[in-house]
Amino acid sequence: MPARCMLIKSLSMKNFRVYEHAALSFGEKTNILFGENGAGKTTVLEAIHSLAYTRSFKTYLDGELLSYGSAEARVSGNFKSDKKRDHRVEIALSRTKPKKIKVNGATLTNQADLIGRFPVVCLAPEDGIITLGSPVNRRQFFDKLFSQVDPSYLTALQLYNRVLKQRNSHLNSFAVTGAVVDRGLLEAFDVQLAQQGAIIQQRRTEYFQRFKEIAYTIYPELEQGKSFKMAYTPAVKVKPEESIQQAILRELTSSQAADLRRGTTTIGPQRDLFLFYLNRQELRKYGSKGEHKLVLVALKFAEGRFLEEFLQEKPIYLLDDLFSELDIKRSTQIIESLQQGLQIFITSTDLADLRRHGLTLDTDQITIFDAGKIRDAQA
Ligand SMILES: Nc1ncnc2c1ncn2[C@@H]1O[C@H](COP(=O)(O)OP(=O)(O)OP(=O)(O)O)[C@@H](O)[C@H]1O
Ligand SMILES: [Mg+2]
């Protein structure tokens, strides 16, 4: 059965960043948001992302999303998945109260329940850190993706991180103040870390394997001349005779003395590595700007197909500044791969530039918004 296609049909924003009041109806295929710098293009993508993921992709601080001087903001949108009925998502933000999220009029008690229901893939300049940044940025990319298709993975991660924080705080108080070490407590932490860590490492191995297969079919669609490889290297090496859980416990026990000296936990999935290689060289160290961008685009498309496979739903694509750093040849390849019946949003400061990058604008598949006019119409 072919996967359904997720759509956002409409969006309204009230006191959301630069938008005092705006309402938009989107096209089912390609939506272009154009306008000069500061016109409000990225803000529209942030609003859609907030409805799908409870927060913006640019900031964790909801207060930044409220228009200057406003005490409250509201974003709402109607999502639709093929023949199924519409779902209305509403977010109410306030400077003084916790944010409130409603789906079809009912307030969500657990906001994490929203994750994965309205799948969205977002590619923004901030995502450059996935290939350029430190290992933690790559772990976050994969953790976010795997959590969307597997809530129990997210639960294991949350539990692991909670215990890790407690263990580190205990180690730290020994290292800094010389407080007495509670070995029993450390052992109890280690058992829990090994349990949850084993789930994390096992699932990362499985999901990464599938992600890699998908990415290896996508990259050559965008770039034929180079070989792209990726690897997952868990920090804990498992011996043939032991389980992952036993291996993590063994490593935690044997690193206890070093951990006490350093005041932190030096082994476990929080040290796992995800690595990308282009023509056998590590991308992070040697890649050019355009090479980084093209791998990032391939990763994002792979993210989309991965979500589609597990959720049986094609996600919405939010593409902010898609073509920067890319030459015309690569851009044209990307457009060909994208226009496959998906709903996509592309921002640009210049429509002529989009045409130059190979996008045909005068078809009924394309809906064009002038961000400046959205703002002007808000009176
Ligand atoms: N909380 C806020 N309240 C009011 N205005 C804001 C707020 N946060 C940001 N802005 C302003 O909103 C405007 C639109 O920002 P946005 O990032 O959407 O522009 P853009 O069209 O994507 O621009 P660019 O082409 O430079 O990426 C900017 O002038 C920005 O300074
Ligand atoms: Mg922008």
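**Exercise 1: a helix and its cap**

Check whether the length of helix H5 (residues 183-222) fits its 40 residues.

Step 1: at 1.5 Å a residue, taken times one less than the number of residues, H5 should span 58 Å. Step 2: its end C-alpha atoms are 54 Å apart, which agrees. Step 3: at the N-terminal end, Asp-182 caps H5, with a side-chain oxygen 3.2 Å from the backbone nitrogen of Gly-184. Helices here are DSSP runs of H or I, at least four residues, and strands are runs of E, at least two, numbered from the N terminus.

A note on the source: this is a predicted model, in which local features need pLDDT of at least 70 and side-chain atom pairs count only at pLDDT 80 or more, while totals for chains, interfaces and linings use all residues. Residues are numbered from 1 along each chain as its sequence is written, and side-chain values use heavy atoms, with hydrogens and water left out.

**Exercise 2: the largest pocket**

Find where the largest pocket lies and which helix gives the most to its lining.

Step 1: domain 1 (1-119 + 315-379) and domain 2 (129-310), with bounds from an automatic or database assignment, both give residues to the lining, so the pocket lies between them. Step 2: 41 residues line this pocket, and Arg-55, Tyr-60, Gln-140, Phe-141 and Lys-144 lie nearest its centre. Step 3: helix H3 (135-149) is among the contributing elements and gives the most, with 10 residues.

Pockets are open sets of points on a 1 Å grid over the protein atoms alone where a 1.4 Å probe fits, with protein on both sides within 12 Å along at least five of seven lines; lining residues have an atom within 4 Å of a point.

Conventions
Chains lettered and ligands numbered in written order. Polar contact = N/O pair within 3.5 Å; in protein donor to acceptor, adjacent residues only side chain to side chain.
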